[in-house]
Amino acid sequence: MTTLLKLSLPIVLLIATSCQSPSRRMPASTPLPPATFAGTSGAMVLPERWWEVFQDPALNALIDQALTGNLTLQSAWYRLDQAAAIAHRERADLFPSVDGSTRASRRETRSRGGSWHGSDTYSLGLAASYEVDLWGRVRAGNRAQDADTQVAAYDLQAAALSLTGRVAEIWYRLVLLHAQLEVIDDQLETNATYLDVITGSFQRGRVGAADVLQQRQLLEDTRSTRILVESTISLLEHQLAVLVGQPPGTLPLPTIPRPPPLPALPAAGLPMEWVQRRPDLLSSWALVEAAGWRTGAAIADRYPRLSLTVNVETSAEKVRDLLDNWLANLAANLVGPIIDAGERKAEIARTEAVLRQAVTNYGSDLLAALSEVADGLALVRDQQRFLESLDRQLELARQASDQVRETYIKGSGDFTRYLTSLTSQQRLSRSRLTAYSDLLQEYIGLARALGGTWQPPRPDSLPLTFTSAEPSYPDAPPHD
């Protein structure tokens, strides 16, 4: 054994001195615009848990419930567990493997005299094997799998971010629809009162029957609008229940608050800072990292592999004598490709193509994300201007309706003009709430586009595996 070790050690040292450290093959950097988004300097910075900007305890409670009860999000946790377990399994290749064996046998022989003689043999053995990672192939493969785990972690964060946005969107649609019901109920009361007035005028012969019928039609039209709003509320409540992981119709909703004031316009900030808040972009870059490491592993696979094996075995006819005699064997095995018909070269070409595709996808995702933020900022500003225009129209419609109504009730006005002004005012009142609901939806979409790197809570129903440590961020996406 000593002689074998003396012979093999110089060979191992000679090869090890020519080793290259594991590296990844990375493409050229992706440039990012250096300036801030237009009009966002000095604006409010969203908190990591962006929905807290509304200061709505009911919304906070619903989102907390969704983050632990949503089944789609739980599925994302399981995907992260799978990726982490695979990385843990692949990491074992960095260490030697040791196997133990034991054997007991009995041999019977028959002499010429016909008698049988038996002998027992007992043996113990240990076998260790280890691949010396000369060119970094194993380490590159492990780093690639670690990047895959990061992808699963960022996909989980992206799913959680999308879930919070969806819950907030449905919740505030419910809030605004309940406000619609209050407006409609006020309009029903107003239309019923005017119907009584017009009916009295008809009985005194001051107006025709057509005026009464048209006012009744307006009252019935308002009632049908209320039915549609109630139907939409029921559907949204069902959707909200599913989002938090409960069957439709079983979610006890908190008290519906008044529509919240719109928070200040959030700041997008520098794109390089903002990119680090987007889990989908971080996931896209982690895919680039994984592809780069796999390309490095494919390149290293073209070089020889050195494996070391050690076998230690003892045998004896009696168990008590097992430890007396040992046989040790150390072997170094160097295997390298000579002719593979271009298989490894083709694999390098494939992984490099995957890497280029990952970089292209990252650039596409980055442009789409930049567009989402820019569009979100523009939509919020334009919707605010539209809402201000509706407010001015509504005030003018109220003034006109009051004057036309007084003129008509006194008997000197035209009913068609009165009906037009009344329906215009009521339509604008409902349109104003719809526009404010759209403004909240656009704001929520912008907040979601700005991202957040908070870690969603792990549901208690999921067992802890290899994800106990929080995922670390990969290298920042390159920029010029």
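User: In which helix is the place of Asp438?

Analyst: This is a predicted model, in which local features need pLDDT of at least 70, side-chain atom pairs count only at pLDDT 80 or more, and totals for chains, interfaces and linings use all residues. Residues are numbered from 1 along each chain as its sequence is written, and side-chain values use heavy atoms, with hydrogens and water left out. Helices (DSSP runs of H or I, at least four residues) and strands (E, at least two) are numbered from the N terminus, and on that numbering Asp438 is placed in helix 9.

User: Does Asp438 count as buried, partly exposed or exposed, and why?

Analyst: Buried means under 20% relative accessible area and exposed over 50%, with partly exposed in between (1.4 Å probe, protein chains only). Because Asp438 has 35% relative accessibility, the class it falls in is partly exposed.

User: How far apart in space are Asp438 and Leu387, C-alpha to C-alpha?

Analyst: Asp438 and Leu387 are 51 residues apart in sequence. In space, C-alpha to C-alpha, the distance between Asp438 and Leu387 is 9.8 Å.

User: Is Gln425 buried or exposed, and which residues does Gln425 touch?

Analyst: Gln425 also has its place in helix 9, which covers residues 415-450. Its relative accessibility is 18%, and therefore Gln425 counts as buried. With contact taken as heavy atoms within 4.5 Å, and not counting residues up to four places away in sequence, Gln425 touches Leu394, Ala397, Arg398 and Ser401.

User: How far apart are the end C-alpha atoms of helix 5, and what span should its residues give?

Analyst: The expected span of a helix is 1.5 Å times one less than its number of residues. For the 35 residues of helix 5 (residues 209-243) the span should therefore be 51 Å, which agrees with end C-alpha atoms that are 52 Å apart.

User: Which element gives the most to the lining of the second largest pocket?

Analyst: A pocket is an open set of points on a 1 Å grid over the protein atoms alone, where a 1.4 Å probe fits, with protein on both sides within 12 Å along at least five of seven lines, and lining residues have an atom within 4 Å of a point. The second largest pocket holds about 280 Å³ of space, a volume being the space filled by probe spheres set on the points, which are joined across faces, edges and corners. Two or more lining residues come from each of helix 4 (137-203), helix 7 (279-300) and helix 8 (343-409). With 6 residues, the element that gives the most is helix 4.
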